[in-house]
Structures are given as structure tokens and as C-alpha cells.
Amino acid sequence: MVPSVDGRIVLRGWKVSQAALVREYERTAATLRGDAWIVGRVSMEPYAGRARIPVRAGGGHIPRTDFVARSDAPSYAIAIDPSGKLRWESASIDEEHVVTVLTKKVPDRYLAFLRTKGVSYLFGGKERIDLAAVLRKLRRRFGIRRLLLEGGGKINGSFLAAGLVDELSILVAPVADGSVGTPALFDAPGARPPSRGLRLLSVQRRPGDLVWLRYAVR
Ligand SMILES: NC(=O)c1ccc[n+]([C@@H]2O[C@H](COP(=O)([O-])OP(=O)(O)OC[C@H]3O[C@@H](n4cnc5c(N)ncnc54)[C@H](OP(=O)(O)O)[C@@H]3O)[C@@H](O)[C@H]2O)c1
């Protein structure tokens, strides 16, 4: 993740070279050797595209069972999209196969759309997503063992609250954002903050006045 010094994560309007931030983000992320990356529905929107979801005439009920279109990809791009809002144009982002995590409340029409596109999908719960169960499925169905959680704040917050973050890798951008109410590094659901202690693993100065911090979650 690339937060400002005050923990905000929406890069728009920051007076730094976004290309430089993205370059350094990709460089450091590559060293983490993830089998896959996962993001929330909002963060995935720019990557998914805006395909039209066809109206479905007939075809019957589609069972709410997981659909694996491909399990031999070099990497996987995963979204948490409980209501089926992402309008995938393709089943891959670069070479990475798309897997989307849904709840069982999504309409048949949306499942038919994903199947036509060749996008794999998993059910993460009936009405709500059970993240621990999702991780078990990702491992069982796709062999994913090392998963990079790449934002935004809501998905990060829900993983933190569920106790499912082992390590933090953070590139602090040389920006004081100052906004109120915009997404932050962790925006956990519920009234009780899940606050976790961290153990510092490393600190590194990176090009562009970035600081790369790595922590283990205690
Ligand atoms: N600086 C960085 O490094 C960085 C990295 C990534 C993203 N970002 C920025 O972060 C912003 C988006 O952050 P965000 O917090 O608004 O959104 P987000 O975490 O990307 O997506 C949130 C949405 O994902 C679904 N979702 C995530 N976790 C879920 C869970 N546990 N259970 C059920 N649904 C879940 C929900 O979709 P529904 O709303 O459909 O229910 C939720 O509203 C964007 O501006 C993006 O550019 C910054």
C-alpha cells in the first residue's frame, strides 16, 4: 500500500509524480513474491472495465457453486464483489487470471455473464463474506498460499478485523494529505476498532523520498 504520512490512500490530487509512485509500488510488490493479489470492489473497478451485462432470457437457475475457469495461471487477480457489480471485459489482467468473490445473493444473470467471460468465481458466503473461508478456498482451488492484500481501506480493514493480516508492506509517500473522511489504510467495519500491535521488520529509503516500512502483525 502507498499511504500519505497521515494514512490516506486516494492518490488523486497528490503533488507527487504518480508514475514514480506506481513504479516504486510495482518494484517493491514484486519482491514480495505473492501468488496472487486481492482488492476490494471499488479498487478493482478501473481494472475490470465497463462491459454490458446481457439480459438473460430463460436458461434456468444457475446453482450457487464455485466456478473455476482456470487453475494453472501464473498469478491471480482477485476481487471481493459481494453483490456482483464489476463489469469484467476480460478474464485476465495482464497475464493474471481473474477470480471474483461473491455472495449467493447475486442474480443468475450475473453468474451467466461471468461464465461467458471465463471469469472464475467463488462464493464467500450467503449474504456476507467470510474471509477466512475465502482464503481456504483460494488455497484449495487455486493453490494460493501467499496473498498480497492491496487495498483499498475497506477490504484492508475487514482483513485486519478478521485477524488475517500477517505482515504489512507500506510505502509512505512524501505527502501530507489532510483530507477528512476519505479512504485510509485500514477502514474496519463496526464500532470497535480492531487495533493491532506491529513489530518493525525493516525500514528502507526508496527513490522519490518514499520510505518502505515492513512490519509483522503481533
Ligand atoms: N494508495 C494505495 O496504495 C491504494 C491501493 C489500493 C486502493 N487505493 C484507493 O482506495 C480507494 C478505495 O478504497 P475503499 O475503501 O473505498 O474500497 P475497497 O476496499 O477497494 O472496496 C470496498 C468494497 O469492496 C467490497 N468489500 C471489501 N471487503 C469486503 C468484505 N470483507 N465483505 C464484503 N464486501 C467487501 C464492498 O463492495 P460493495 O460496495 O459492492 O458491497 C466494499 O464496499 C480508491 O480510491 C483506490 O484508488 C489506494
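What covers the buried residues of H4? The cover includes strand S2 (76-80), strand S4 (96-102), strand S5 (120-123), strand S6 (147-149) and helix H5 (153-161). The model is predicted: local features need pLDDT of at least 70, side-chain atom pairs count only at pLDDT 80 or more, and totals for chains, interfaces and linings use all residues. Residues are numbered from 1 along each chain as its sequence is written, and side-chain values use heavy atoms, with hydrogens and water left out. Helices (H or I, at least four residues) and strands (E, at least two) are DSSP runs, numbered from the N terminus.

**Helix H4**

The 12 residues of H4 (residues 131-142) should span 16 Å at 1.5 Å a residue, and the end C-alpha atoms are 16 Å apart, which agrees; the expected span is 1.5 Å times one less than the number of residues. Leu 131, Val 134, Lys 137, Leu 138 and Phe 142 are buried in H4. They cover an arc of only 110 degrees around the axis, which puts them on the same side of H4; the arc is that of the directions from the helix axis to the C-beta atoms. Arg 136 and Arg 140, on the other side of H4, are exposed. Buried means under 20% relative accessible area, exposed over 50%, and partly exposed in between (1.4 Å probe, protein chains only).

At the N-terminal end, Asp 130 caps H4 with a side-chain oxygen 3.2 Å from the backbone nitrogen of Ala 132. Gly 143 follows H4 and has a positive phi, near 70 degrees.

Ala 77 lies in strand S2 and counts as buried at 0% relative accessibility. Residues touching Ala 77 include Trp 37, Met 44 and Ile 93, where contact means heavy atoms within 4.5 Å.

Glu 150 sits in the loop between S6 and H5. Glu 150 is buried yet has no salt bridge, and the nearest side chain of opposite charge, Arg 146, is 11 Å away. Lys and Arg count as positive and Asp and Glu as negative; His and the chain ends are not counted.

**Salt bridges**

The structure holds 9 salt bridges, each a side-chain nitrogen of Lys or Arg within 4 Å of a carboxyl oxygen of Asp or Glu. Among them are these:

| Pair | N to O distance |
|---|---|
| Glu 24 and Arg 27 | 3.0 Å |
| Arg 64 and Asp 108 | 2.4 Å |
| Arg 70 and Asp 72 | 2.7 Å |

Glu 24 is buried, with a relative accessible area of 2%, whereas Arg 27 is partly exposed at 44%. Both Arg 64 and Asp 108 are buried.

Note on methods. Polar contact = N/O pair within 3.5 Å; in protein donor to acceptor, adjacent residues only side chain to side chain. Lists of a residue's contacts leave out its neighbours within four places in sequence.
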